[in-house]
Amino acid sequence: MEEKIKSFLEEINLFLFTNEESAEAFRLKYLSKKGIIPALFEEFKTLPPEQRKTTGKSLNELKQLAEQKLADAKSTINKSPDKDTVKTDLSLPGDPHSLGARHPISIVRKQMTDIFTRIGFVVSEGPEIEDDWHNFGALNFPPNHPARDMQDTFFIDSGDGEKWLLRTHTSSVQVRVMENQQPPIRTISPGRVYRNETISARAHCQFHQVEGLYIDEGVSFADLKQTLYYFVQEMFGDKIEIRFRPSFFPFTEPSAEMDITCLICNGAGCPVCKHSGWVEILGCGMVHPNVLDNCKIDSTKYTGYAFGMGIERITMLKFRINDLRLFFENDIRFLSQFKSVL
Ligand code: DAH
């Protein structure tokens with residue numbers, strides 16, 4: 001019997017507890033009424049008295065060991081966060097944390113603000129829900145003037161008699177800055193804008209713009225051109241060519257639009273640039289004296305320039321993206337492609 005006890009002692013010592021089921025199996029096998037240890041106690045009763053002393057001692061030790069093992073295993077299993085795995089294999093590789101990516105619009109907005117802040121522009125922001133005065137009136141759009149139709153506006157019916165709208169451009173922020181500050185003013189205003197446009201590969205009802213404004217004594221169109229040359233070179237490199245075309249905006253006079261070499265075909269002509277080799281990236285001009293006066297800035301003393309461009313357009317050219325809708329769909333297969341860009 002001593003031999004049997006010894007072999008069970010070894011067996012119990014080697015028993016591997018992995019989960020609650022294995023602990024229960026252990027209990028049933030060794031400690032339950034019909035288990036091995038009670039059976040050994042029965043057998044013990046049949047032993048001649050001279051053997052009982054030593055065998056009784058070993059048998060008690062076996063029982064204590066089994067009970068101790070079971071109690072230890074149960075407390076480890078209960079403490080373990082994953083009750084099913086008591087044993088942890090520390091040599092396994094860790095679970096990688098997947099890194100997110102910044103949205104391409106955020107990447108380019110940051111690049112743009114970095115470029116302008118390097119030459120002394122400060123960032124200013126304004127509300128997306130605007131009143132008619134900041135979006136149109138102060139910017140020299142007369143009431144009922146057809147120029148308002150250039151931007152299909154989402155009006156908001158607030159019921160308070162005030163005409164609220166979702167800003168159609170970030171030019172509204174330049175009004176807010178000029179109302180609160182006297183020249184010299186040198187600011188850029190990135191932000192989201194809204195227009196009631198049919199959604200397509202080239203247009204969306206929401207997009208982002210960066211507005212630029214510089215007002216001081218003696219600011220000229222040459223300063224505007226130089227700043228925009230600098231911006232394009234920093235953004236796209238010095239191989240890119242630029243051209244200005246005369247245009248019209250109520251808030252600038254003279255006004256222009258600026259084109260750059262199409263980055264998709266390098267100027268050879270392609271569907272993106274409608275085979276012209278050029279793509280328009282911004283509107284600009286000298287701030288109209290009426291706008292300065294509307295914002296209580298002395299238009300006989302100060303002049304200034306302004307420009308406004310779409311961040312989506314710049315991003316599409318920069319990363320060669322051909323559909324504007326991708327920016328708003330949040331498709332992870334699209335977004336994760338920008339992981340390596342900081
Ligand atoms: N606000 C114009 C638009 O959204 C863009 C623009 C044109 C801004 C000329 C300007 C500017 O500051 O001078 O279409």
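I sorted the shell around the ligand by residue type: 5 nonpolar, 9 polar and 2 charged. In this sorting, Ala, Val, Leu, Ile, Met, Phe, Trp, Tyr, Cys and Pro are nonpolar, Asp, Glu, Lys and Arg are charged, and the others, Gly among them, are polar.

I noted the source too: this is a predicted model, where local features need pLDDT of at least 70, side-chain atom pairs need pLDDT 80 or more, and totals for chains, interfaces and linings use all residues. Numbering starts from 1 along each chain as its sequence is written, and side-chain values use heavy atoms, without hydrogens and water.

**The shell.** I found 16 residues around the ligand. A residue is near a molecule if one of its heavy atoms lies within 4 Å of it. The closest are His169, Ser171, Arg195, Gln209 and Glu211. Helices (H or I, at least four residues) and strands (E, at least two) are DSSP runs, numbered from the N terminus.

**Polar contacts.** I looked for pairs of N or O atoms within 3.5 Å; within protein, one must be able to donate a hydrogen and the other to accept it, and residues adjacent in sequence count only if both atoms are side-chain atoms. A polar side-chain atom of Ser171 is 2.9 Å from a ligand nitrogen. Gln209 places a polar side-chain atom 2.9 Å from a ligand oxygen. Ala306 uses its backbone: a polar atom there is 3.2 Å from an oxygen of the ligand. The ligand alone exposes 350 Å², and the protein buries 92% of that. These areas come from the Shrake-Rupley method with a 1.4 Å probe.

**Ser172.** I checked this residue in helix H7. Is Ser172 buried or exposed? It is buried, because its relative accessible area is 0% and buried means under 20% (1.4 Å probe, protein chains only). The side chain of Ser172 reaches the backbone oxygen of His169 at 3.3 Å.

**Tyr214.** I found Tyr214 in strand S6. Tyr214 has 15% relative accessibility, so it counts as buried. Tyr214 and Pro38 are 176 residues apart in sequence, and their C-alpha atoms are 95 Å apart in space.

**Helix H10.** I listed the buried residues of H10 (residues 311-319): Ile311, Glu312, Ile314, Thr315, Met316 and Leu317. After H10 comes Arg320, with a positive phi near 55 degrees.

Methods
Buried < 20%, exposed > 50% of the residue type's maximum accessible area, 1.4 Å probe, protein only.
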